[in-house]
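Here is my note on the model, as requested. Please read it with the coordinates open.

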Amino acid sequence: MKNNQAFNEMMVHTPICTHKEPENILVIGTVNDELKKEVEKHNIKNVEYGDTSILTSKDEKNIDLIIFTDVNLDELLLANIQKVLKDDGLITFSTESFSSNEEKLKADLSLVGEKFWIAMPFKFGHETAVLASKKYHPTADIILQRSDLLVDLDYYSTEIHHASFVFPAAQYRALTGIAKR
């Protein structure tokens, strides 16, 4: 996992400020204390940390949000996600940037785009991630009462949240039809 504050804040606050009322969250992959501190700022009812085996230990659709810090998604993992994620749930995971590995970004968007209504890349610092949602749009449905009231941040803001989903015109065109906006 990347050890920088921009990564911690964006991977946590972007999805949490997109979902209307997240109560049950899984954080899967490598986690540091700084990322946990960002999660704690939201006073979420139930947060579990662990590896991908958490998904197979659940047997009902009761998860609102899954944050993957450094896990590569594949079809099997996506099937397990579908099994536990609520009908209005969302996931976020890091991927490759358009400029460093366009095909990997497109493959990740295509993979989650089969199961999610929204599949949008977002970028921050030198990182790229994907937010995939079954209901909530990351810019249209941002919960301002949550995003505007966060304190003690180094990178994330409501404005950065919106801006992180904006890509240069050529990249936007190249992702059209693959990213589900």
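The points below go from the whole chain to single residues.

1. **Basis.** This is a predicted model, in which local features need pLDDT of at least 70, side-chain atom pairs count only at pLDDT 80 or more, and totals for chains, interfaces and linings use all residues. Residues are numbered from 1 along each chain as its sequence is written, and side-chain values use heavy atoms, with hydrogens and water left out.

2. **Fold elements.** The chain has 8 helices and 6 strands. Both are DSSP runs numbered from the N terminus: helices are H or I with at least four residues, strands are E with at least two. Read from the N terminus, the order is α-β-α-β-α-β-α-β-α-β-β-α-α-α. The radius of gyration is 15 Å, close to the 16 Å that the globule rule gives for 181 residues, so the chain is as compact as a globular protein of that length. The radius is taken over C-alpha atoms, and the rule is 2.2 Å times the number of residues to the power 0.38.

3. **Extent and contacts.** Along the principal axes, the C-alpha atoms fill a box of roughly 40 × 35 × 30 Å. Take the contacts between residues at least 6 apart in sequence: 68% of them join residues at least 24 apart. Contact means heavy atoms within 4.5 Å.

4. **Burial and surface.** Of the 181 residues, 51% are buried. The cut-offs are relative accessible area under 20% for buried, over 50% for exposed, and in between for partly exposed (1.4 Å probe, protein chains only). The accessible surface comes to about 8,400 Å², and 47% of that belongs to carbon and sulfur atoms. Areas come from the Shrake-Rupley method with a 1.4 Å probe; for residues, only the protein chains shown count as cover.

5. **Charges.** The chain carries 20 positive and 28 negative charges, and their mean positions are 5 Å apart. Lys and Arg count as positive, Asp and Glu as negative; His and the chain ends are not counted. Each charge is placed at NZ of Lys, CZ of Arg, CG of Asp or CD of Glu.

6. **Main core.** Which residues have the most contacts inside the largest nonpolar core? They are Leu55, Ile66, Phe68, Leu73, Ile81, Ile91 and Val112, in a core of 27 residues. At least two residues each come from strands S1 (24–28), S3 (63–68), S4 (85–95) and S6 (127–133), and from helices H3 (53–57), H4 (75–84) and H5 (98–113). H5 gives the most, with 5 residues. A nonpolar core here is a set of buried Ala, Val, Leu, Ile, Met, Phe, Trp, Tyr and Cys residues joined through side-chain atoms within 4.5 Å.

7. **Val112 and the second core.** Not counting residues up to four places away in sequence, Val112 touches Leu73, Leu78, Ile91, Phe93, Ala119, Val130 and Ala132. A second core is separate and has 25 residues, including Met10, Ile16, Ile44 and Ile118.

8. **Helix H1.** Phe7 sits in H1 (residues 5–16). Phe7 is buried, at 0% relative accessible area. Its C-alpha is 9.1 Å from that of Thr69, 62 residues away along the chain. Glu9 is also in H1. Is Glu9 buried or exposed? Glu9 counts as buried, at 0% relative accessibility. Beyond its neighbours within four places in sequence, Glu9 contacts Thr14, Glu38, Leu153, Asp154, Tyr155 and Tyr156. The C-alpha atoms of Glu9 and Val151 are 11 Å apart, across 142 residues of sequence.

9. **Helix H6.** Gln145 belongs to H6 (residues 144–147). Gln145 is exposed, at 61% relative accessibility. Gln145 and Cys17 are 128 residues apart in sequence, with 8.8 Å between C-alpha atoms. Leu144, in H6, is partly exposed at 39%. Leaving aside neighbours within four places, Leu144 contacts Leu149 and Thr158.

10. **Backbone check.** Most residues other than glycine have a negative phi. Asn43 is not a glycine, yet its phi is positive, about 50°. Asn43 lies in the loop between helix H2 (33–40) and strand S2 (46–50), and is exposed at 69% relative accessibility. Asp152, not a glycine, has a positive phi of about 60°. Asp152 is in the loop between H6 and helix H7 (158–163), and is exposed at 67% relative accessible area.
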